[in-house]
Each structure stands twice: as structure tokens, then as C-alpha cells.
Amino acid sequence: MELITDPDRLVLFLSGLEGERTSADRRHSPLDEDTSDKNAHRSDRTARVLDALARLLVHDTDAQPRQVFAVALVPPSLTRESAQVIISENSEVTEVAKNHARDILQGLYGARQLVDNQFPGGDSRPPKLLLPPFIPIDSEDAVQRKLANIETAIVRHSWSKMVKRFRKADRHLAFFEVSAAILAPDQPERLSSLKAEHGWPSDAGFLKEFDRLRRGLQALHQELSKSVQDGQVQRVRVVLVLVDATTKALKASMPEVFDMCAAYYPAVSATPTPRVDFNHWIGKVLSTRADYLQLQRIIFSPALHSLLTERIEVTSTVQEPKTADALITTDELRDALSGNVNVGDKVLGEYLRKRFKHQKGDRVRVPGRVHCECSVLAELDRIWRAGDTVIPHVGVSKPPCAFCAEYFAAYRTATEHDVTTTRGTRGDTVLDPWRCPTLEDEAADENVRVELSARLRVLLRRKVETFASSVASLTTTASDDLSSPLDELAADALEQLVGI
Ligand SMILES: [Zn+2]
């Protein structure tokens, strides 16, 4: 059994045994000061391509744990013939995902080669390519045919994910209900008065477009209800183009169109309902297509294209954490905090009871795994130290948790290697217990751990102090609890004092 390392112990005391959903709506590490323009390149095209690729790898919506992917890219160089894609999952990386990544990138590289053949001239400017909004699978044009094949493979691979997003929380049914009511010839009075209050465009063109969107989404619903077949995949491709175009047209003439639908929904629904975010839903419905379009940019961009090669090497990396034990005692907690906290043992004990329940006082097996973005970062670090150029971004299918964000920030500070990952966009969740990755370079590993521990210690201190003040405000009247119990010696002394 290994001794628990400092970062793992701090994370354990920060989150308890069950993991925790933090309520803070943080966009990035609370300790990460380099959040300004310095890291603006996070959002550059390569980063967006890698994030889109990571999202498009998800294929098994029933997987336990939930499928999450992280990807990085090592471009070709003088010493490296093929571009390399590194993939990690939160469990073993599936062959299906690896093959899909290879097929997409090799396919896009091949499409760009065809473009170069069609527009010879040797300069690196992107050719003036005009693609139709929908490309038939049997297009006469070789480039277009290749793209249609790539998109077909993507829709097929993403099918179960698309179904899940479409039906999530029955938002599709809510949309069908409200859109039918909005378009009905006679409308409930409550809806009419809401429309008078919030407004609703009355021109025929807008209504026709709205109806087109409704019919498009209904067709999508029908297709996604079937099992995936070639015919369905092609129809879904067509419908997605339609839904995408009508959504854009509607928003162009009325930016709040989906907010209005949400506002009207309670007036037409038979049952009381919470507010539905139709904007978010439409975004999710279109996300597979949006991610595909993001990747398709590779063929327009010489800079992106130059990162790929005809053959792409795909490797996977998943770090297994060493098994470790930890003592759940106030002494250990105080030690983790480096003693630097003005909170009594009683409160520390309460803090542990809350997080570890009956296991307070025990030696426990430290739970968790190395999250996929951290495994990829460790692999990138190894390749970078060996002298290769890497793309300093780790694409993720889901925003990183708070601990991964801290690890990346600590890594950047300790190594001065500016590797980024996508920032969290929603409240950070740490439902999946976190273990610290290990870098192959021992000195670098130690430096990152020291930096990370310092950051985590600040977070733990804040958390314990916040807990202490919440306890104090609840128990201000319980001050008599602070006197120590009367022991034998003290009792003797009191007896002597009063002479009995
Ligand atoms: Zn994480």
C-alpha cells in the first residue's frame, strides 16, 4: 500500500468519499490568475477543432461510468512522419472511438488533398470552395462525396447521443406542444394575452419559417425513434441542415424567439411545468452538426491541414492511480492544512463527520481515478520533454471539473508550458472522485505536485473556515460545551476548595 500523496489527501478532504457537486458557478479555477487575454488562444481554431473531435467520439450513452473523452494532437515534424492523436477516456478507450477519430481526420486530410489536386498552384491560400448546404452522398464532386461520407459516419457514430439529447427531459414534447398552440388558428386566451404582452411576429414569412422548424423537428423525432440504418442517417443529415437553417433565420429576425416559446409554454401545457430552456435544447439538437462543421474547417485552413498527415497514428492513454489509504482523523486534516487554520478540533471533527459519516476515524481506501484530460496532459508532457512539438491544448467532450482545472493551472505555473483545456462553462461538478496524475519526469512531477498542493491547501482552508463559521452561527448558545468534563483530579481539587 502506498502512502497517500499530498494532492490526493487534500482532494479527499475537500470532497469526502462520495464526491461532491460544488454549488459555485465558476468559469475557471478560483486561483487561476492567468485568465485574461494571455490564454485567449484557448478559443483558437485548433482548440475548437480538438474540443469538437472529443465530443464527436462519444458513442455509448449507456456506458458506466459515463463516457468522457479527452484528445490531443502531435503534428508531424522532421522526426515524426505521421501526426499522432492521443485519446483518453474515463475508462479503457474503445476501439470504436479510436477508429472513428482516425477515419474522420484521415478523411478530412484526404478531402483537402483532393482540393489541392483540383486547384493546383502550390500557394497555401485556401481555395475558393463553395459547398452546398446539403451534400448528397452520391454527389458527382469527389471532395463533396468524401465530406458527405465523413458526415454520414459521424451521424451514425453519434446516433444514441443524438437521441438522448433530443429527448432529454422531454423538451421535444414541450416544444411540439407550444409550437402547435402558437400556430393553431384559435388560441387559448392566456396564450393570446401573453403574446400581446411579449410580442410575437405576425408576418407570414416568420410564421412559415417557424412552421418549417416545427415540421423539421418532428421529422427528426420520427427518424431518431428508429434504429440506425443507412436511410435514416441520410434523412437525419437532410433534416439537420433544415433545422439549422430555419433556426438561424428565425433568430435573425427575432433573437428571443425561443425565450418567447418558453414564456408561452406554461400557458398551453396541461400540467404545471418548470421553465424550459428551448435555446439550450436546440443548441444540443444541432451540436453534432455544429461539431462536424467545426472539423470540416480543416479543409479550408492550410494551418489546420498542415497539422495532419495521410496516415494518422492514434494512441490511447489511461493512467491507473496507485492504491492508497488515508486516515480520516482531525490530526490528518490539520496536517493536510499545515496547521495553518484557526479552527478547533471539535469543528474539524464535525467537518469530517459530515463528509465521511461513520468512516470518520478510520483508515479508508482513497477512491477515484485519473481524469482523462489529466492523463492526456501527462502524455503530452512526456512527448514535449522528448523534444517534439505538441499542440498545447487538450480537447474535452465535457468541461473539466474543478480539480482538473487546478491541475492544469498548477502545471502551467510549475512547468511554464502553457497547455490549456477548455474552461468549465457550468458549475463545476466533481462527482467522479479525482486522483492526481503522475508525470514521467520526476522533477517536473514533484514541482507540479507542490504547486497543486499549495493551491488545494488554500481551497481546503477556505472550505474548513466557511464550515466553521456556519457551525458557529448555529451553535452560539452552546458555549458551555467548551468546558472540559470534570475529571477525577479536578473533582478532588474542587472538594478541597470548599472543604468537603
Ligand atoms: Zn476532472
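Reader: Where is V341 found?

Author: V341 is in the loop between α14 (330–336) and α15 (345–356). Helices here are DSSP runs of H or I with at least four residues, strands are runs of E with at least two, and both are numbered from the N terminus. This is a predicted model, where local features need pLDDT of at least 70, side-chain atom pairs count only at pLDDT 80 or more, and totals for chains, interfaces and linings use all residues. Residues are numbered from 1 along each chain as its sequence is written.

Reader: Why is V341 called partly exposed?

Author: V341 has 19 other C-beta atoms within 10 Å, so it counts as partly exposed. With C-beta atoms placed from the backbone, 20 or more others within 10 Å makes a residue buried, 12 or fewer makes it exposed, and partly exposed is in between.

Reader: And what is V341 in contact with, leaving aside neighbours within four places in sequence?

Author: R461, V464 and E465. Contact is when the C-beta atoms of two residues, placed from the backbone, lie within 7 Å. V341 and E465 are 124 residues apart along the chain, yet their C-alpha atoms are separated by 7.7 Å.

Reader: OK, zooming out. How many helices and strands does the protein have?

Author: The protein has 19 helices and 10 strands. Of its 500 residues, 34% are buried. Among contacts with a separation of 6 or more, 81% are between residues 24 or more positions apart.

Reader: Let's do the sheet. What's the strand order in the open sheet of five strands?

Author: The order is β5-β4-β3-β8-β9, and the pairing is mixed. Two strands pair when DSSP finds at least two bridges between them. The edges are β5 (312–316) and β9 (420–421), each with a single partner strand, so one side of each has no neighbour in the sheet.

Reader: How do β3 and β4 run, parallel or antiparallel?

Author: Antiparallel, with six bridges joining β3 to β4. In that pair, L73 sits opposite V85 of β4. β3 (residues 69–74) also runs antiparallel to β8 (residues 393–396), joined by two bridges, and there V71 faces G395 in β8.

Reader: What packs on that sheet?

Author: α2 does, touching β3, β8 and β9, and its direction makes about 35° with that of β8. Helix α3 (residues 95–118) packs on the sheet too, touching β3, β4 (83–89) and β5, with its direction at about 155° to that of β5. The angles run from 0 to 180 degrees between N-to-C directions, and axes are lines fitted to C-alpha atoms, for helices over the stretch in contact.

Reader: And how do β4 and β5 run?

Author: β4 and β5 are parallel, with five bridges. A83 has I312 as its bridge partner in β5, and I87 is opposite S316.

Reader: Why is β4 described as largely enclosed?

Author: Seven of the seven residues of β4 are buried, so β4 is largely enclosed by the rest of the structure. A83, V85, I87 and E89 point one way, while Q84, I86 and S88 point the other.

Reader: Which β5 residues are on the covered face?

Author: I312, V314 and S316 are on the covered face of β5, and E313 and T315 are on the uncovered one.

Reader: Switching to helix pairs. At what angle do α6 and α10 pack?

Author: α6 (residues 171–183) and α10 (residues 257–268) pack at about 85°, with their axes 9 Å apart. That makes α6 roughly perpendicular to α10. Under 35 degrees counts as roughly parallel, over 145 as roughly antiparallel, 65 to 115 as roughly perpendicular, and the rest as oblique.

Reader: Which residues meet there, in α6 and α10?

Author: From α6 there are A174, F175, E177, V178, S179, A181 and I182, and from α10 there are C261, Y264, Y265 and V268. By class, the α6 contact with α10 has nine nonpolar, one polar and one charged residues. Ala, Val, Leu, Ile, Met, Phe, Trp, Tyr, Cys and Pro are counted as nonpolar, Asp, Glu, Lys and Arg as charged, and the others, Gly among them, as polar.

Reader: Last one: what about α16 and α17?

Author: Helix α16 (residues 372–385) packs with helix α17 (residues 402–415) at about 20°, their axes 9 Å apart. That makes the two roughly parallel. E373, C374 and L377 of α16 meet C404, Y407, F408 and Y411 of α17.
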